[in-house]
Amino acid sequence: MNNSPIILDGNCVAAEIKERLAPRVAKLGANGIVPCLATILVGDDPASATYVRMKGNACKRLGLRSIRIDLPSATTTEELIAAIRELNRDPAVHGILLQHPVPGHIDERAAFDAIAMDKDVDGVTTQGFAQTAFGFAAFPSCTPAAIMAILAYYKLPVAGKHAVVIGRSPILGKPVSAMLLNQDATVTTCHSKTEGLPSFVRSADIVVAAVGKPNFVRGDWIKPGAVVLDAGYNPGNVGDVDYEACLPQASAITPVPAGVGPVTIAMLMKHTVDAAEKASGTN
Ligand code: NAP
């Protein structure tokens, strides 16, 4: 049992990231450049609409411009790709975010791969993922980057630790597994076909939950002293970790909300500013 776990405060980590961005945004502004993020939302999933709105609001607060493209759920892959290509060609747009998931009839991989590399601020292209896996991505996916930023901010050691990632999606579980491996963790990636999942989690020094199932990770799965990072964001602001049950076991844990979420958005802002600087040659 651990009596005083560190609550990993995503708002503090996000505030530091955004504080560093402010002078960079001002410098770009002095050169007549306003970093601009374009978000594309296909369909009317209310949760996705909320995420897109949160990202737009974050842009506004930091003095970034945001463009929101809403497409009907009947949009075809070709139409979506055409919209992405138009944004690729627009020099005033520095970052493009296609909100995941898109309706099932759309080829999401083809749509992600239509995003120009220098505007792929959420690391969703095949090439962006490959760069992340090799450890030199300009823009790794924002949620995995946020998880690594939280570990770094709180100086939690990664090298040599056993990290268990639950989830293997191309925007979360897989890239965060690669990023932990690149920082010398020993990584086990679990998924829906994993047999005996709790026994893997019980041996973890670092647990990353990226499942999309509320309160999935149970308190009795957590090794005493483990670090628990909850990327889950389910309806009603509920994470993938049973927070109350895991808290007494963990040495450090992210809450939901105010854990990984705000850092993800700060990371998206950072990548957009990075992209604007690169595009304008002011970095
Ligand atoms: P996703 O694409 O649905 O992937 C979920 C993953 O969990 C899959 O790899 C799936 O395995 C695995 N899984 C499902 N049921 C499982 C089970 N019973 N046991 C073990 N693994 C299981 O979801 P995602 O986009 O990665 O998102 C995951 C969570 O993170 C969601 O709650 C989402 O809302 C949240 N999220 C948060 C942020 C943020 O800013 N905090 C950003 C993005 C996503 P298979 O591959 O075998 O199907």
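Helices and strands here are DSSP runs, numbered from the N terminus: a helix has at least four residues, and a strand at least two. Keep that in mind as you click through this predicted model.

**Stop 1**

Select Pro257. Pro257 sits in the loop between β9 (252-253) and α10. The peptide bond joining Val256 and Pro257 is cis, with omega at about 0°. Most peptide bonds are trans.

**Stop 2: helix α10**

Move on to residues 260-280, which form helix α10. How far apart are the end C-alpha atoms of α10? They are 30 Å apart. That agrees with expectation, because 21 residues at 1.5 Å a residue should span 30 Å. The expected span uses one less than the number of residues.

Next, colour α10 by accessibility. Of its 21 residues, 16 are buried, so the helix is largely enclosed by the rest of the structure. Then step just past the end of α10. Gly281 is there, with a positive phi of about 70°.

**Stop 3: the sheet**

Show the strands. Six of them make an open sheet in the order β1-β9-β8-β7-β5-β6. The pairing is parallel. Which strands are at the edges? They are β1 (6-7) and β6 (186-190), and each pairs on one side only.

Zoom in on β5 and β7. Strand β7 covers residues 206-209, and it pairs with β5 in the parallel sense over 4 bridges. Select Val165 and look across. Val208 in β7 stands opposite Val165.

**Stop 4**

Take Gly167 by itself. Is Gly167 buried or exposed? Gly167 counts as buried because its relative accessible area is 9%, and the cut-off for buried is under 20%. Leaving aside neighbours within four places in sequence, Gly167 is in contact with Gly173, Lys174, Thr189, Cys190 and Ala210.

Now click Arg168. This residue belongs to the loop between β5 and α7. Arg168 is partly exposed, with a relative accessible area of 39%. What does Arg168 touch, not counting residues up to four places away in sequence? Its contacts are Gly173, Lys174, Thr189, Cys190, His191 and Lys193.

**Stop 5: the cysteines**

Select it. Cys190 counts as buried, at 1% relative accessibility. Its closest cysteine sulfur is in Cys246, 15 Å away, so the two are too far apart for a bond.

Jump to Cys59. At 0% relative accessibility, Cys59 is buried. Which cysteine has the sulfur closest to that of Cys59? It is Cys36, at 7.7 Å, which is too far for a bond. A disulfide is a covalent bond between the sulfur atoms of two cysteines. The search of the whole structure finds 0 disulfides.

**Stop 6: the annotated domain**

Select residues 8-122. UniProt, in an unreviewed entry, places the feature "domain: Tetrahydrofolate dehydrogenase/cyclohydrolase catalytic" here. The span is 50% helix and 16% strand. The end C-alpha atoms of residues 8-122 lie 23 Å apart.

Find Ser48 in helix α2 (residues 46-62). Ser48 is buried, with 1% relative accessibility. Beyond residues up to four places away in sequence, Ser48 touches Leu41, Gln99, His100 and Pro101.

Stay on Pro101. It is in the loop between β4 (95-98) and α4 (108-113). What kind of peptide bond joins His100 and Pro101? The bond is cis, with omega at about 0°.

**Stop 7: positive phi**

Most residues other than glycine have a negative phi. Two selections show positive values.

- Asp184: phi is near 70°. Asp184 lies in the loop between α7 and β6. It counts as exposed, at 53% relative accessibility.
- Asn237: phi is about 60°. Asn237 is in the loop between β8 (227-230) and α9 (243-246). It counts as partly exposed, at 37% relative accessibility.

Definitions and conventions
Residues are numbered from 1 along each chain as its sequence is written. This is a predicted model: local features need pLDDT of at least 70, side-chain atom pairs count only at pLDDT 80 or more; totals for chains, interfaces and linings use all residues. Side-chain values use heavy atoms; hydrogens and water are left out. Buried means under 20% relative accessible area, exposed over 50%, partly exposed in between (1.4 Å probe, protein chains only). Contact means heavy atoms within 4.5 Å. A disulfide is a pair of cysteine sulfur atoms within 2.5 Å. Two strands pair if DSSP finds at least two bridges between them. UniProt positions are given in the numbering used here, feature names are shortened, and annotations may be inferred rather than shown by experiment.
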